[in-house]
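Student: I am new to this structure. Could you take me through how its parts are described?

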Amino acid sequence: MPVTREGHAVAWPGRPTATIKGWQVRIPLVKRCAEPPTVIGRAVDADARPRPTEIVVITTTDLTKVYRSRGREVTALAGVDLHVRPGEVYGVVGTSGAGKSTLIRCVNMLERPTSGTVSVDGVELTALSGGENRAGRELREARRRIGMVFQHFNLLASRTVQQNVELPLEIIGLDRTQRRRKAAELLDLVGLGDKARSYPNQLSGGQKQRVGIARALAGDPKVLLSDEATSALDPETTRSILKLLRDLNQQLGLTVLLITHEMDVIKSVCDSAALMRGGRVVESGELADLLAKPGSELARELFPLSEFGTGHAGTTVLEITFQGDTSAQPFVSQLARTYQIDINILGAAVETISGRMVGRMRVELAGSHQDNVVPIGYLREQGLQVDVLGAVNGVVA
Ligand SMILES: Nc1ncnc2c1ncn2[C@@H]1O[C@H](COP(=O)(O)OP(=O)(O)OP(=O)(O)O)[C@@H](O)[C@H]1O
Ligand SMILES: [Mg+2]
């Protein structure tokens, strides 16, 4: 494995370049690893790149998709770099038309991208022949390792639950006994062992989605793709399906890439997230890092504080984010005591995001930003993330 000048090992399968500390570098071949990496330039979206030493299970590189119909062109994807690590639940959010479904359909090659590459579990799918309706043998085999769950379940009404789950097993040529055994195991796994002989129209929406998930797991996939799997469900059923996805992720080590337009979905099950707009990923990263990133748009949507007061003229308004160990510190009273200052609390909230307790507090200190440089430094030294808000709501530091 190549080693950089700073001593980081770089594992990025299939790529001659990597991003190290925000710089895009060409990595020397293993044989010549004594050579330092050559700096090519500043990475376009350093946050979207995996860190050195990270292995990725889904990678898209500069992915574009242009639909052409009746002389019109629609650019659905305009250069998407996505890096999903093994065993994580990765959420993609964005408004309608942002390109989310196109991205997920390109990841399993239901749509062939116009340019760029897609690799899943070490196989570069874009290098395999066929696609969309006529996949070649290698692409069909690679796809088997990618399960897909749909918003409207896509179950066959004329088949029983068991027969729906058996369908992909028939396609791969398992005999009847093997199919029955596997379908029974999968239905048990999703909590529907007693519904094997029911038909889809005898099931609730949540039960239908469980069948959809069991069917998606039939090929023992490494990766599960989900396009708005809970959008047609009520909030309680949504929670139970998300819990099932989380359980499967943990029990089977399954990597999940899910598309949603609901921030609550991201908050409750995802480890990482990407925000799409106009066919591009405009922000991405682990939720914990995003929450600690000044000015992060995703963090603001995950944890909005807009209803809180914005302070008075001539004061300094701080937004303090605390998570993990820092959440137990009585930092407001410590700050007031240490610097003999008054602190006006404008608002505070605590949320559980990705299983971690995260708190945010907006406070107002007398005097200008300059006057408060020392107390702000003190808070940052305590491991707290401090954003200084401008006089009219904008983040300035
Ligand atoms: N088959 C197609 N032919 C032409 N244009 C398409 C096709 N599929 C998608 N598009 C266009 O590509 C863009 C992205 O669509 P996409 O379905 O990926 O968005 P989305 O983010 O999933 O939206 P939603 O949240 O509404 O599902 C849109 O402008 C859409 O109209
Ligand atoms: Mg969509």
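Tutor: Start with pairing: two strands pair if DSSP finds at least two bridges between them. The model is predicted. In it, I320 stands opposite V386 in strand 17.

Student: What makes strand 14 and strand 17 a pair?

Tutor: The cut-off is at least two bridges. Strand 14 (residues 315-323) and strand 17 are joined by 5 bridges. That meets the cut-off, so they pair. They run antiparallel.

Student: Why are strand 15 and strand 17 called edge strands?

Tutor: Look at the order of this open sheet of 4 strands: 15-16-14-17, with antiparallel pairing. Strand 15 (343-353) and strand 17 (385-389) each pair on one side only. From one strand to the next, the twist averages 20°.

Student: What lies across this sheet's strands 14, 16 and 17?

Tutor: Helix 11 (residues 373-381) does. Its direction is at about 150° to strand 17.

Student: How do you know that both faces of strand 9 are covered?

Tutor: A residue is buried if 20 or more other C-beta atoms lie within 10 Å of its own. In strand 9 (residues 146-149), I146 and M148 on one side are buried. So are G147 and V149 on the other.

Student: How many bridges join strand 9 to strand 10?

Tutor: There are 4, and the cut-off for pairing is at least two, so the strands pair. Strand 10 (residues 223-227) runs parallel to strand 9. V149 has S226 as its bridge partner there.

Student: Now the helices. Why are helix 5 and helix 6 called roughly parallel?

Tutor: Helix 5 (residues 205-216) packs on helix 6 (residues 235-252) at an angle of about 20°. Angles under 35 degrees count as roughly parallel. Therefore the two helices are roughly parallel to each other. Their axes are 10 Å apart.

Student: Which residues make that contact?

Tutor: Helix 5 brings G205, G206, Q209, R210 and I213, while helix 6 brings T237, S240, I241 and L244. By class, 3 are nonpolar, 5 polar and 1 charged.

Note on methods. Residues are numbered from 1 along each chain as its sequence is written. Chains are lettered from A and ligands numbered from 1 in the order in which they are written. This is a predicted model: local features need pLDDT of at least 70, side-chain atom pairs count only at pLDDT 80 or more; totals for chains, interfaces and linings use all residues. Axes are lines fitted to C-alpha atoms, for helices over the stretch in contact, and angles run from 0 to 180 degrees between N-to-C directions. Angles under 35 degrees count as roughly parallel, over 145 as roughly antiparallel, 65 to 115 as roughly perpendicular and the rest as oblique. Two residues are in contact if their C-beta atoms, placed from the backbone, lie within 7 Å. Ala, Val, Leu, Ile, Met, Phe, Trp, Tyr, Cys and Pro count as nonpolar, Asp, Glu, Lys and Arg as charged, and the others, Gly among them, as polar. A residue is buried if 20 or more other C-beta atoms lie within 10 Å of its own, exposed if 12 or fewer, and partly exposed in between; C-beta atoms are placed from the backbone.
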